[in-house]
There are 4 protein chains.
Amino acid sequence: MKPTQKILTTILDEVRPLIGQGKVANYIPALAEVSNQKLGIAVFTNEGEVIKAGDAEEGFSIQSISKALSLTLAMRLYEPEEMWCRVGKEPSGQAFNSLIQLEMEQGIPRNPFINAGAIVVADMLQSRLSAPRQRLLEFVRQLCSNEHVIYDKVVANSEMQHSDRNAAIAYLMRSFGNFENDVLPVLNNYFHACSITMSCVELAKTFSYLANKGRSVISGEQIITPTQSKQVNALLATCGLYDGAGEFAYRVGMPGKSGVGGGIIAIVPGEMTIAVWSPELDKSGNSLAGTKALELLAKRIGRSIF
Amino acid sequence: MKPTQKILTTILDEVRPLIGQGKVANYIPALAEVSNQKLGIAVFTNEGEVIKAGDAEEGFSIQSISKALSLTLAMRLYEPEEMWCRVGKEPSGQAFNSLIQLEMEQGIPRNPFINAGAIVVADMLQSRLSAPRQRLLEFVRQLCSNEHVIYDKVVANSEMQHSDRNAAIAYLMRSFGNFENDVLPVLNNYFHACSITMSCVELAKTFSYLANKGRSVISGEQIITPTQSKQVNALLATCGLYDGAGEFAYRVGMPGKSGVGGGIIAIVPGEMTIAVWSPELDKSGNSLAGTKALELLAKRIGRSIF
Amino acid sequence: MKPTQKILTTILDEVRPLIGQGKVANYIPALAEVSNQKLGIAVFTNEGEVIKAGDAEEGFSIQSISKALSLTLAMRLYEPEEMWCRVGKEPSGQAFNSLIQLEMEQGIPRNPFINAGAIVVADMLQSRLSAPRQRLLEFVRQLCSNEHVIYDKVVANSEMQHSDRNAAIAYLMRSFGNFENDVLPVLNNYFHACSITMSCVELAKTFSYLANKGRSVISGEQIITPTQSKQVNALLATCGLYDGAGEFAYRVGMPGKSGVGGGIIAIVPGEMTIAVWSPELDKSGNSLAGTKALELLAKRIGRSIF
Amino acid sequence: MKPTQKILTTILDEVRPLIGQGKVANYIPALAEVSNQKLGIAVFTNEGEVIKAGDAEEGFSIQSISKALSLTLAMRLYEPEEMWCRVGKEPSGQAFNSLIQLEMEQGIPRNPFINAGAIVVADMLQSRLSAPRQRLLEFVRQLCSNEHVIYDKVVANSEMQHSDRNAAIAYLMRSFGNFENDVLPVLNNYFHACSITMSCVELAKTFSYLANKGRSVISGEQIITPTQSKQVNALLATCGLYDGAGEFAYRVGMPGKSGVGGGIIAIVPGEMTIAVWSPELDKSGNSLAGTKALELLAKRIGRSIF
């Protein structure tokens, strides 16, 4: 069955009662102030159709979802052997901001979606691009076909004020020789990437290349190779949902990436992308109602990679 | 493209040079004595067709591949809420036989495919079945439509002689209240499951239900529900290849389960199962040439879940 | 100043208000049933004088204090190089029954006073003695000059019923090759040692050799060499109080060993031994009022090794 | 027996063959360039007598020995309850620069002698002193009665250039709220303290207060209270030798503090201090020949706290 607006609306009604059972991220004021009542979903098919419901066109902070976009940009700039010696491809089995494994594994982060891995990717972009922050924004705008996508400076600056843990991660990698640039500028770029503001509709469009063998459904441009597209999806499936990746695969069965802003992007390779948004998080840091909406949608339309 | 015998033969030729670069499991004599030259592959399609090459009909010790079969049997006997409070669904990020995480997480194993998880599953079977060892064998014979599948007593007894680490795991879980029966009989059953001997062709047939929404292609019987089948595949995709699950997803892109006997079963949901066998292992304990064969086959026939 | 009965009595009065703020060990009924009101102290000087107050002549389960006695016996049977390759001499920095460090350090326990280390020592005694359980009891009776010291069979059997965690520890060491005998008989002996029942007066007498350069004050017999005596004291000072060794050194400043029965033995080398008993434990598992009594006594009589 | 110059000279001759079996610290050039042939020892008695042999008057980088001096200064400025909530008193059981335990224990370092603990102490000094770097130097000069003690700027700057690991530690503590000031100035002060240059004779004099109940033998000034002096000695005995504290207690039996410059200070409470210097380190980072010299001296003169 194909997703319809009616299905999406019904699903949002079914998951709305979950609001109140999770917890909005509150480590920075800019996130804590977002209303927990927000709830939106958007599907973008490989035919270019948008189906949506709820607050699907309201922008929110994509946070860690940006890690998949930074990785994609880095994969365009680096040979695999240059990249995968600096960051692994395995689930971490630990909290997203832990330094324990990072110390035991000599400064090589387990995968590009935990903080340490994303910070290494930001360091890679810094080394190869003359204006990495501007370039990433252009890249995202191009993927989304929307010149109005912006960094939220308030969010970025607020993150930078609470950057001690990530600074510790970066310095630890530097002590192992897995960090090439000054720590603070790289962290600043990293936080800017996290502060990108997009709506569900924009997110679903932005990630269309991962459902379409690396080619953007919007522009028709080949963003990464079909093989690279499969690889990113594989990484998302095993490592994209913090330490809830197994549960997400079990319940939803799609590659996906979540952010503490309450957004999740999920991919149905060959068919569509799905973006959801609900700010309250479960204990793994993934959107509570958002995950449930994806689970219901997967069941309703009979889609799963498994 | 469909897999053909020619494709399979070519692929075996291409991976054969890898033999000599891995290491045959040697912790028990019965495994150490297997020739490292063995190399086989078999595909079993949802239409019931067998395509095969190399040593595809020679039996070998399936070892940890049995963990997926034991899990399937347990899922038929337990409600989800009874089962998943005793074992998790997340990648462990640690070695398959580590006690570290098990202690930190109060005796609840991360997933059913690390040793601790499989031993808990064996304990569950012990609690609900009057003759669990015999019952598991019947179950496997039924899945395979082959009454001649047997436990290799020499392998099972040899494992039992080297069971200290697994005994430590079981006792640690017992100390946390996550183990219901006497340790030694459960370990004995666990090792018998690991000692099941099958060929690539038999393995591919046995697992056909996971490519066919829970229904055995051979007997037509519904082994588990379609939802359960997706769930098992999800668990295999995130946790099935020891601490090489991410790499396997990245390179092969199929749910799979490996064993230290050098076998790997991989699933293409909706289409086919693929079994490979090559005894030399990589550093994560997965068949070196076997993984490469699956990677080449995935590329050649354009199949992947991503 | 010399310790007097008046000083001891005063100190007991001062620490009695702490009763109610700790927690009696309750993992086995035989310990849980002991009255939390018990409070005793005894000093035994190198001149052979006993000074005592409170419940100083009532027997209690010495529990882990026995680890120092087993170690002493093993040091009489083994060359240092045979012994210290199987167990270390460093503080563990972890809980007394943790397997984490044991796995990371390949089955070699950090020191003889954590459970793993004491179990290795029990394994050593098993290998060298024909009747290790009987021999240890004779050894303790000789140290104490009291033929009536016994194992409390109820305690020993109760411990054996709750032995899963220690069995896990023993099997883990066996899997690393650091365990020579069958697990269960060794654990049984280990638990018997823990079940030895003695009073404060008996304990203080028993350990007199450690205050007297290895020579028993009672019998005049040289139990271990002066150097070995210093070594045992050094181990007690750095590792004798579970993960509260640093705090104990800071507050009390004497080598000591505690047990979950609420006893503590402390050594003033060259002068005296001091035994205290109060069943309620602090969060590190050391007697709450007992530690305070030692701290006050050390201050009152101006004794400390520092 | 009292230590004599002859005894010291003999001991240096006995340990000199160990030179070549250790490894000079080489993480900064200024340390790597020191000749491995240097070997010195000095005793300073509570009667004010200096006995010395070898390179006892040549200055070297005291490195982590300074942690005991910084702690002493902080103990003069802080109430115990202000201090010991920010840093613990227990052996860490881990490497001196590990972040693992620090993360697991919420940013509270185990003791003041691992890097994390010493950096917290530096942060404490920064908060209470207007010119902490100058003040520490004055304090050390006063202890030593030598106005010529200096910071080695080359060493300090070189350490600062290799400060990534320590910066990671400081930022991690800051993320847990256990760090009050800017990271870099505190690290700079910390490295300056490590760069203090003193000879064995100066070191032995400087630490005389710890052998003399808190009162400097040289100036007669009460530096810390007798109780505080015992407390520092207790901390040194359990935590002063990195993860070799247990071995040092076992072999030498004195409170001590080592530095990667190859120096060790040891205390015989009530009698004397002993400083040794030999740049080659054992695998725990303690002076190889220096430890042996202390072991031999302890045996020769029959001194030990045990």
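This is a predicted model: local features need pLDDT of at least 70, side-chain atom pairs count only at pLDDT 80 or more; totals for chains, interfaces and linings use all residues.
Colleague: Which residues of chain A does UniProt list for "binding site"?

Modeller: The listing comes from an unreviewed UniProt entry. Under "binding site", that entry gives Ser64(A), Asn115(A), Glu159(A), Asn166(A), Tyr190(A), Tyr242(A) and Val260(A).

Colleague: Is Asn166(A) buried or exposed?

Modeller: Asn166(A) sits in helix α9 of chain A, residues 164-175. Away from its sequence neighbours within four places, Asn166(A) is in contact with Asn115(A), Ile119(A), Leu187(A), Tyr190(A) and Phe191(A). Buried means under 20% relative accessible area. Asn166(A) has a relative accessibility of 8%, so it counts as buried.

Colleague: Where does Val260(A) lie, and what does Val260(A) touch?

Modeller: With 14% relative accessibility, Val260(A) counts as buried. Val260(A) belongs to the loop between β7 (256-258) and β8 (263-268) of chain A. Not counting residues up to four places away in sequence, Val260(A) touches Ala25(A), Tyr27(A), Leu31(A), Gln63(A), Tyr242(A), Leu281(A) and Gly285(A).

Colleague: What separation is there between the C-alpha atoms of Phe248(A) and Asn286(A)?

Modeller: Phe248(A) is part of helix α14, residues 245-251 of chain A, and counts as buried at 4% relative accessibility. Asn286(A) is 38 residues from Phe248(A) along the chain, and their C-alpha atoms are separated by 9.5 Å.

Colleague: Why does Ser278(C) count as buried?

Modeller: Ser278(C) is in the loop between β9 (272-277) and β10 (280-281) of chain C. With neighbours within four places in sequence left aside, Ser278(C) is in contact with Ile19(C), Lys38(C), Leu39(C), Gly262(C), Ser287(C), Ala289(C) and Gly290(C). Ser278(C) counts as buried because its relative accessibility is 1%.

Colleague: How many residues of α13(A) are buried?

Modeller: α13(A) has 14 residues and reaches 20 Å from its first C-alpha to its last, close to the 20 Å expected at 1.5 Å a residue. Its buried residues include Gln228(A), Val232(A), Leu236(A) and Cys239(A). The helix α13(A) is largely enclosed by the rest of the structure because the number of its residues that are buried is eleven.

Colleague: Which helices do the buried residues of α9(B) pack against?

Modeller: Helix α9 of chain B, residues 164-175, spans 16 Å from first C-alpha to last, close to the 16 Å expected at 1.5 Å a residue. The helix α9(B) is mostly covered, with ten of its twelve residues buried; among them are Asp164(B), Asn166(B), Ile169(B) and Met173(B). The buried residues of α9(B) pack against α5 (100-104), α6 (115-128) and α10 (183-194) of chain B, together with α5 (100-104) and α9 (164-175) of chain C.

Colleague: Which residue with a positive phi follows α9(B)?

Modeller: The phi in question is near 80°. The residue that follows α9(B) with this value is Gly177(B).

Colleague: Which helix gives the largest share of the lining of the second largest pocket?

Modeller: The second largest pocket has a volume of about 1100 Å³. Of its 50 lining residues, the closest to the centre are Gly253(A), Arg303(A), Ser304(A), Ile305(A) and Phe306(A). Helices of chains A and B each supply at least two lining residues, among them α14 of chain A and α4 (80-83) of chain B. The largest share is seven residues, and it comes from α13(B).

Colleague: How many residues of that lining are charged?

Modeller: By class, the lining of the second largest pocket has 23 nonpolar and 16 polar residues. The charged residues number eleven.

Colleague: What is the phi of Gln106(B)?

Modeller: Most residues other than glycine have a negative phi. Gln106(B), in the loop between α5 and α6 of chain B, is not a glycine but has a positive phi. The value for Gln106(B) is near 60°.

Colleague: Is Lys213(B) buried or exposed?

Modeller: Lys213(B) is in the loop between α12 and α13 of chain B. Although Lys213(B) is not a glycine, its phi is positive, about 55°. With a relative accessible area of 62%, Lys213(B) is exposed.

Key. Residues are numbered from 1 along each chain as its sequence is written. Chains are lettered from A and ligands numbered from 1 in the order in which they are written. Side-chain values use heavy atoms; hydrogens and water are left out. Helices (H or I, at least four residues) and strands (E, at least two) are DSSP runs, numbered from the N terminus. Buried means under 20% relative accessible area, exposed over 50%, partly exposed in between (1.4 Å probe, protein chains only). Contact means heavy atoms within 4.5 Å. UniProt positions are given in the numbering used here, feature names are shortened, and annotations may be inferred rather than shown by experiment. On a 1 Å grid over the protein atoms alone, a cavity is a set of points where a 1.4 Å probe fits but cannot get out, and a pocket is an open set with protein on both sides within 12 Å along at least five of seven lines; lining residues have an atom within 4 Å of a point. Grid points are joined across faces, edges and corners, and a volume is the space filled by probe spheres set on the points. Ala, Val, Leu, Ile, Met, Phe, Trp, Tyr, Cys and Pro count as nonpolar, Asp, Glu, Lys and Arg as charged, and the others, Gly among them, as polar. The expected span of a helix is 1.5 Å times one less than its number of residues.
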